[in-house]
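Thanks for coming, everyone. I have one model to walk through today, and I'll keep it brisk. Please have a look at the screen.

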Amino acid sequence: MKKFKKISSSFGTFLNTNSYIEITSDNDFGYIDKSIECIHILGECTNTIINSESKKTFVKYINNELNILKKTQDYTFIKVGASVNWHKFVLECEKLNLYGLENLAFIPGSVGAAPIQNIGAYGVEVSEFISEITCYDIEYQKNLVLKKNQCKFAYRQSVFQRKKFVIKDITFRLKNYFNPDLSYSSLRNYIDNKFNKNINSINLIKIIGIIRSSRLPNLKKIPNCGSFFKHPIIKKDNKFKKYLVCFENSKMKISATKLIETIENEINFYGGLKFYDTNKLVLTNTENCSFKDLISTIESINTLISNKFDICLDVEPEIIT
Ligand SMILES: Cc1cc2nc3c(=O)[nH]c(=O)nc-3n(C[C@H](O)[C@H](O)[C@H](O)COP(=O)(O)OP(=O)(O)OC[C@H]3O[C@@H](n4cnc5c(N)ncnc54)[C@H](O)[C@@H]3O)c2cc1C
């Protein structure tokens, strides 16, 4: 049944709506209109900015269960409900001696949202650990299970961005032994300098926390959505060598931060929006900007980047009109 709700985004914007539906059992899916365009599925709103005048129906799937399904010699399969908090889940895995997710610690938001943009940090993406996902297909009104290879995971991408599916739970395949991925250079350097290479999973999670807090604003004090733009993936081109993040098959991923730094002084920021001092990819909203201020600021950045580099920057958070 539709209810009243004040929905707040970590970006500091909010919406009062009479069209909020909480789904706690399969029967509740009957309350959802069939039209996908009229629905928005909510997690914890740390990667979503909602226009305060939006007329959408907001749907939240509630499932906080966590069950170990199967153990093999090397792996454990664990099924987790969509509304479990992501970082709490990472900590729970550490307690259960299940490994792999350490580099993704402290990413805000819910388990159910993690596959949507295939969350990633410090050289690791969540898709590496996903076995299968149970979801509800809004269009065909039925439950289905998608295996990892059906999810079309790529950098900040998945099949779920088509918005047809409500994710109900995710089965992860985690390692029974600690074999961390320390290949990401800033992580590697930190560990080499300060930890003499002897780290365990608790230390790794702590290090990730320290590195993240030096690069990202404290969400409780400075409203933001994390990285605001995706790193563009372009055809290999020598003129962009100095912006290279990594090669992606025949293409190159280049740094949106470095591109933005070249035009930073020309940007028209509206409504007090500005980039975080130590990270020019994080747009902060300390003065309650309006939706129009946000759109105008994005337009200013996009126009400058497009005129200078002929590249279109994609916004990472979802903007709901
Ligand atoms: C300070 C900060 C740092 C961040 N750092 C990172 C980072 O390092 N790496 C990274 O990848 N991201 C990062 N993010 C972005 C964000 O944390 C992730 O995208 C996270 O997964 C969003 O979770 P959420 O529950 O808040 O999702 P929401 O913002 O509520 O939703 C995000 C998307 O998921 C969809 N969705 C949510 N739940 C479901 C569901 N059950 N079924 C179907 N669709 C659903 C929504 O419709 C929407 O499209 C950061 C954000 C902040 C604020």
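The chain splits into domain 1 (3–61), domain 2 (66–175) and domain 3 (224–320). Those bounds come from an automatic or database domain assignment. Two notes on conventions. Residues are numbered from 1 along each chain as its sequence is written. The model is predicted, so local features need pLDDT of at least 70 and side-chain atom pairs count only at pLDDT 80 or more, while totals for chains, interfaces and linings use all residues.

Domains 1 and 3, then. Their C-alpha centres are 27 Å apart. Across the boundary, 13 residues of domain 1 contact 12 residues of domain 3. Contact here means C-beta atoms, placed from the backbone, within 7 Å of each other. On the domain 1 side, S4 gives the most, with 3 residues. That side has 3 nonpolar, 9 polar and 1 charged residues. For the classes: Ala, Val, Leu, Ile, Met, Phe, Trp, Tyr, Cys and Pro are nonpolar, Asp, Glu, Lys and Arg are charged, and the others, Gly among them, are polar. Helices (H or I, at least four residues) and strands (E, at least two) are DSSP runs, numbered from the N terminus.

Next, the ligand. Which residues come nearest? Of the 34 residues around the ligand, they are Gly43, Gly109, Gly112, Ala113 and Gly226. Strands S3 (39–42), S8 (120–121), S12 (165–175) and S13 (224–227) each give two or more residues to that shell. To count as near, a residue needs its C-beta atom, placed from the backbone, within 6 Å of the molecule or strand. By class, the shell has 19 nonpolar, 13 polar and 2 charged residues.

Now helix H5. H5 covers residues 291–309, which is 19 residues. From first C-alpha to last, H5 reaches 27 Å, close to the 27 Å expected at 1.5 Å a residue. The expected span is 1.5 Å times one less than the number of residues.

Which residues of H5 are buried? Leu294, Thr297, Ile301 and Ile305. Seen down the helix axis, the buried residues of H5 fall within an arc of 70°, so they line one face. The arc is taken over directions from the helix axis to the C-beta atoms. Buried means 20 or more other C-beta atoms within 10 Å of the residue's own, exposed means 12 or fewer, and partly exposed is in between, with C-beta atoms placed from the backbone. The buried residues of H5 pack against strand S4 (48–50), helix H4 (256–263) and strand S17 (273–276). On the other side of H5, Lys292, Glu299, Ser306 and Asn307 are exposed. Just after H5, aspartate 310 has a positive phi of about 60°.

Asparagine 118 sits in the loop between helix H1 (86–95) and S8. Its phi is near 50°, positive in a residue other than glycine. Tyrosine 122 is in the loop between S8 and strand S9 (124–125). Phi of tyrosine 122 is also near 50°. Buried or exposed? Asparagine 118 is buried, with 21 other C-beta atoms within 10 Å. Tyrosine 122 is buried with 22.

Last, proline 232. It lies in the loop between S13 and strand S14 (233–235). Proline 232 is buried, with 21 other C-beta atoms within 10 Å. Leaving out residues up to four places away in sequence, proline 232 touches Ile254, Ala256, Ile311 and Leu313. Methionine 252 is 20 residues away along the chain, with its C-alpha 8.3 Å from that of proline 232.

Conventions: Two residues are in contact if their C-beta atoms, placed from the backbone, lie within 7 Å.
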